[in-house]
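These are my notebook entries on a structure I had not opened before.

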Amino acid sequence: MSEAVFSRLRHLLGERGIERDATGLPRAVPETSEAVAAVCRLAMEEGWRIRIEGRSTWLPPDAPAQVVLSLKGMDQIPSISPADLVATVEAGVTLENLRRHLDDHGMWLAVDPPGRSDRTIGSIVATGTSGPLRLGMGPVRDHILGGTFVTGDGRIITGGSRVVKNVAGYDITKLQVGGFGGFGIMTQFNIRLRSKARADITLTTGGNRDDLLVAARAILQASLSPAALELLSPAMAAGAQWVLAIRLLGPVEAVQSDIERLAADSGLAWETLPAERSGAFWTLTARAALSGLVTLRLGALPVGLDETLDLVVTELDEGLISAGAGDGTIRWTGNATPDQIHHLRRISAAREIPLTLERAPWNIRQATGHFGAYREGVGQLVERLRLTYDPSQIFSVALEGSQHE
Amino acid sequence: MTGAVIDGLIAIVGPRWVKGRVAELATYRSDGLPTHESTPGVVVLPGTRDEAIAAIRLLHHHQVPFVARGAGTGLSGGALADRDGVLLTLTRLNRILSIDPLARRAVVEPGVINARLSDAVRQFGLQYAPDPSSQSACTLGGNVAENAGGPHCLKYGVTTNHVTMLKVLLADGTVVQMGSPNGEPWGPDLVGLFVGSEGMFGIALEISLRLVPLPSAVSTLLAGFPTVRSASQAVSSIIAAGIVPAALEMMDRSCVAAVEASIYAAGYPLDAAAVLLVELDGGAVSVGVESAAVELLLRSHGATSVQVATSPAERSRLWQGRKKAFGAMGRLAPDLAVQDAVVPRSSLPDLLDEIDIIRKRHGLVISNVFHAGDGNLHPNISFDRRDPDLSNRVRAANQEIMSACLAAGGSITGEHGVGSDKIDYMDHMFDPETLAAMCALRRVFDPDERANPGKVIPRHRCREWTNGRSRHVPGVTGKPE
């Protein structure tokens with residue numbers, strides 16, 4: 001079977017467009033949206049299942065499939081428009097590569113997803129994995145103006161636009177942000193950029209969780225507007241106590257003024273990280289999310305953060321936790337069984353808190369699904385969306401678990 | 001409309017809230033855009049969520065098309081129903097259901113007027129950021145349907161960035177809860193898909209919104225420029241400097257003249273070819289630093305005058321002219337054709353020159369008032385629709401402006417929506433496959449296509465969207481276009 005698949009794909013894409021993965025599975029490496037569409041059409045005709053891959057540094061490359069479709073060949077940045085603060089990038093471009101290019105123009109993409117910096121933009125968007133900057137800069141969805149995706153039956157769809165404001169037609173690109181590739185393969189994005197701030201300062205303070213949460217509330221009530229305000233568990237902070245980290249961006253004078261207010265408003269002593277350490281601090285925090293087999297995301301309200309953290313610690317463990325003290329989003333990494341995930345998902349759903357499985361080995365993804373415990377009416381819509389955009393279910397994605405919620 | 005349907009609706013909402021007389025229906029035949037009118041078969045005004053659900057279930061039973069409508073200020077020919085359709089007006093569903101100042105959330109019914117929410121939360125030091133120019137009249141349900149913007153969306157984002165959760169009534173009468181109080185979705189981003197779907201996916205019965213703190217400092221600057229081009233270049237320079245103003249608005253000479261001749265006169269410089277209204281907000285130090293930087297940039301790009309509002313009253317006066325500009329333009333001619341295209345910000349100088357050339361070629365009065373910071377143009381053409389030659393020239397000029405915006409890499413609409421008005425431009429912006437994918441998306445939510453039929457997507461331009469498996473799934477796909 002594998003040989004026949006390999007041969008068909010080689011015929012379709014040429015020698016350059018086909019290789020084998022570590023397990024010997026045929027891996028298509030298309031370089032255009034048209035080639036991605038051709039692979040999807042062939043897979044649908046042949047009844048093959050496709051595993052979508054970026055650099056395989058976030059989701060393990062273990063979904064069962066006859067074909068791997070890697071976006072690593074789509075690694076171009078067709079345009080950067082500094083005057084419009086917009087860029088067009090292919091899905092296989094890595095975040096670190098994009099950062100380097102934007103840096104030359106004094107701009108940046110204001111996202112700081114968990115994982116390694118060589119994650120692809122496609123992976124970040126498909127999994128909707130925002131980091132601490134979601135507080136001040138918005139989640140991943142807010143940075144995507146439009147783009148191109150390929151459906152399971154090989155159609156090329158281009159939604160949104162390249163301008164920063166647009167309501168023409170339905171916002172079909174939203175379906176792909178955080179859709180885990182269940183509704184199509186994003187191949188290209190138009191992204192919103194920002195000019196780099198003149199000052200970018202990170203400060204940290206340690207203590208017990210309750211005190212830090214009280215301080216975080218005081219900071220927000222004082223109308224400071226941090227770009228990030230993240231509470232890190234001791235294991236996440238690689239220390240003996242919980243850490244509250246704040247990131248301030250803006251004009252130098254304004255950031256300096258905020259730093260002075262910070263100590264007064266929070267009543268805590270803060271350490272200002274030197275520039276060379278602040279970058280490393282956030283990089284290590286992002287990478288720590290890879291230090292366990294499973295990563296979960298819970299969307300709580302900041303006012304209920306304390307209670308939701310208790311729930312997570314009780315049902316799982318204190319392990320590796322990064323929690324948005326200003327927006328309420330909790331990311332937990334560790335080892336959890338499908339039963340534990342199901343149980344936590346049910347309890348949190350009763351509190352109107354969605355639990356998304358961001359990352360896990362296939363056996364856990366298959367059992368629990370990325371999504372579950374849907375609210376009223378959602379399941380039916382998700383099923384229809386799936387059948388509309390991947391009618392033959394060629395994408396090997398566990399959107400919903402095999403175990404009933 | 002059959003008697004059974006009308007009797008059924010009367011039984012649900014009471015006879016007072018079903019309107020069918022010609023004079024009553026006339027109120028509902030336009031959404032403020034003079035070029036598109038349609039008289040509905042009947043108008044229904046449910047007073048409760050349960051009445052709205054019962055009405056929609058009745059219409060589903062009889063397979064009657066319907067259009068949801070708020071205040072009717074959309075300016076796109078979107079919230080219009082024709083003779084065989086029911087117009088469901090939601091202005092009686094106007095309760096603010098809850099305000100949680102600590103969580104910075106509000107839950108509202110769709111008929112709540114935009115400005116009323118900000119008024120209600122001000123006592124907590126909060127505001128609802130999206131502020132369409134019609135905010136004193138438009139409803140939050142309408143804002144959700146259109147993904148409405150407004151001057152302050154440059155910094156704070158448009159409606160979709162502020163909706164965290166929706167309870168939606170689908171056309172078949174089922175209720176779906178999308179999103180969560182946090183904003184995190186249950187599965188794919190259904191809230192993101194629903195917001196801006198122009199009433200074609202269903203009706204938002206409950207809307208949970210994010211509130212933001214009122215800024216501790218605000219600085220508003222008004223600058224007059226000798227040319228539109230120099231004002232446009234000042235806009236680009238502010239954005240390029242990494243400054244994100246809360247608002248960055250431009251008005252040209254024609255607009256300024258209309259405002260200054262009206263009761264909304266704000267003291268704008270009449271000798272300027274264009275004025276820029278720039279507002280910065282945030283912490284006091286940040287606002288002070290950026291305000292000084294903006295003033296320098298304005299002057300270095302040729303501003304002949306710069307006023308800095310020093311009091312809330314002065315600020316309010318400067319904004320009054322901008323917010324009421326559309327009303328002031330009503331003095332210029334009986335009718336106003338309103339455009340809403342978007343271009344890349346760097347294209348603004350050339351595009352505004354191009355619009356001026358088009359204006360001269362067709363001998364028209366065009367007043368530009370727009371969100372310069374995000375490239376969202378509103379070239380408004382004053383005319384009298386009773387003059388067929390003039391109407392034809394307006395139509396031709398509109399098409400040429402739209403083509404120029406698309407050629408610059410822009411969009412046909414930034415905040416008003418497609419509705420009926422821009423449906424013919426959709427295939428200039430999207431290919432047949434994408435239009436078909438949008439049709440298929442609509443059928444996920446409304447398989448019978450009864451919610452606001454005939455709007456947004458030019459069905460005849462869609463590529464066929466069928467597939468073997470989905471053909472067997474009720475209400476999914478399978479209908480050739």
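Entry: My cut-offs: buried means 20 or more other C-beta atoms within 10 Å of the residue's own, exposed means 12 or fewer, and partly exposed is in between, with C-beta atoms placed from the backbone.

**Entry: ground rules.** I noted that this is a predicted model, in which local features need pLDDT of at least 70, side-chain atom pairs count only at pLDDT 80 or more, and totals for chains, interfaces and linings use all residues. Residues are numbered from 1 along each chain as its sequence is written, while chains are lettered from A and ligands numbered from 1 in the order in which they are written. Helices (H or I, at least four residues) and strands (E, at least two) are DSSP runs, numbered from the N terminus.

**Entry: H6(A) against H8(A).** I followed H6(A) to H8(A) and read a packing angle of about 125 degrees, with the axes 9 Å apart. Axes are lines fitted to C-alpha atoms, for helices over the stretch in contact, and angles run from 0 to 180 degrees between N-to-C directions. H6(A) and H8(A) are therefore oblique to each other. Under 35 degrees counts as roughly parallel, over 145 as roughly antiparallel, 65 to 115 as roughly perpendicular, and the rest as oblique. A:Ala215, A:Ala218 and A:Ile219 in H6(A) meet A:Leu262, A:Asp265 and A:Ser266 in H8(A). Contact means C-beta atoms, placed from the backbone, within 7 Å.

**Entry: where the chains touch.** How many residues of chain A are in contact with chain B? I found 65, in contact with 79 residues of chain B. On the chain A side, strand S9 (156-160), helix H8 (252-266) and helix H13 (378-389) each supply at least two residues. H13(A) gives the most, with seven residues.

**Entry: a helix pair in chain B.** I checked helix H13 (residues 348-362) and helix H14 (residues 388-407) of chain B, which pack at about 160 degrees with axes 10 Å apart. That makes H13(B) roughly antiparallel to H14(B). The residues of H13(B) that meet H14(B) include B:Leu351 and B:Ile355.

**Entry: two positive phi values.** Most residues other than glycine have a negative phi. A:Ala238 has a positive phi of about 55 degrees. A:Ala238 lies in the loop between helix H7 (234-237) and strand S14 (242-250) of chain A. Is A:Ala238 buried or exposed? With 11 C-beta neighbours inside 10 Å, A:Ala238 counts as exposed. A:Glu352 has a positive phi of about 65 degrees. I placed A:Glu352 in the loop between helix H11 (338-350) and strand S19 (355-359) of chain A. A:Glu352 has 19 C-beta neighbours inside 10 Å, so A:Glu352 counts as partly exposed.

Methods: Two residues are in contact if their C-beta atoms, placed from the backbone, lie within 7 Å.
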